[in-house]
Amino acid sequence: NATVTTVAPSNESVISTGVIHFTWNALEDATMYKLQIATPNFTSAVQVVLDTLLENTSFSKNLPIGNYQWRVKAVNSDYETAYTTNSFEID
């Protein structure tokens, strides 16, 4: 029942154009984190901008103006958590 706690960008935040820094807290026993970014959201995604596995708890990406959702989950060889999802806007 553990979930990843996101740090930034926070839900419903508005960010200036440029490199966006995605960060979340480490989860005990997690060996990787699956990070996904979609525009405008995952329910009606026009584009999945990123779908990757990371060992770190941060990732940076330059994104154009628009509405986005990002989500992250922790994984290891035995389990995976549910996604934690946040929406944000770049103006």
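The model is predicted, so local features need pLDDT of at least 70, side-chain atom pairs count only at pLDDT 80 or more, and totals for chains, interfaces and linings use all residues. Residues are numbered from 1 along each chain as its sequence is written, and side-chain values use heavy atoms, with hydrogens and water left out.

**Confidence**
- Mean pLDDT for the chain is 96, and 100% of its residues reach 70 or more. pLDDT is the predictor's confidence in each residue, from 0 to 100.
- Confidence is lowest in E3, at a mean of 94. Its highest value is in E4, at 98.

**The open sheet**
- Five strands form an open sheet with mixed pairing, in the order E2-E8-E7-E4-E5. Strands (E, at least two residues) are DSSP runs, numbered from the N terminus. Two strands pair if DSSP finds at least two bridges between them.
- Strand E2 (13-15) and strand E5 (47-54) stand at the edges. Each has a single partner strand, so one side of each lacks a neighbour in the sheet.
- Neighbouring strands of this sheet are turned by 25 degrees against each other on average, direction ignored. The axes are lines fitted to C-alpha atoms, and angles run from 0 to 180 degrees between N-to-C directions.
- E4 (residues 32-39) pairs with E7 (residues 66-75) in the antiparallel sense, over 7 bridges. Ile37 stands opposite Trp70 in E7.

**Pairing through E3**
- E1 (residues 6-8) and E3 (residues 18-24) are antiparallel partners over 2 bridges. Ala8 has Thr23 in E3 as its bridge partner.
- E3 also pairs with E6 (residues 58-63), in the antiparallel sense over 6 bridges. Here Val19 has Asn62 in E6 as its bridge partner.

**Glu80**
- Glu80 is in the loop between E7 and strand E8 (84-90).
- Its C-alpha atom is 9.6 Å from that of Asn1, 79 residues apart along the chain.
- Beyond its neighbours within four places in sequence, Glu80 contacts Lys73, Ala74 and Val75. Contact means heavy atoms within 4.5 Å.
- The side chains of Glu80 and Lys73 are joined by a polar contact of 2.6 Å. A polar contact is a pair of N or O atoms within 3.5 Å; within protein, one must be able to donate a hydrogen and the other to accept it, and residues adjacent in sequence count only if both atoms are side-chain atoms.

**Thr84**
- Thr84 lies in strand E8.
- Thr84 is buried, at 16% relative accessible area. Buried means under 20%, exposed over 50%, partly exposed in between (1.4 Å probe, protein chains only).
- A polar side-chain atom of Thr84 lies 2.7 Å from the backbone oxygen of Val4.

Definitions and conventions:
Helix = DSSP H or I, 4+ residues; strand = E, 2+ residues; numbered from the N terminus.
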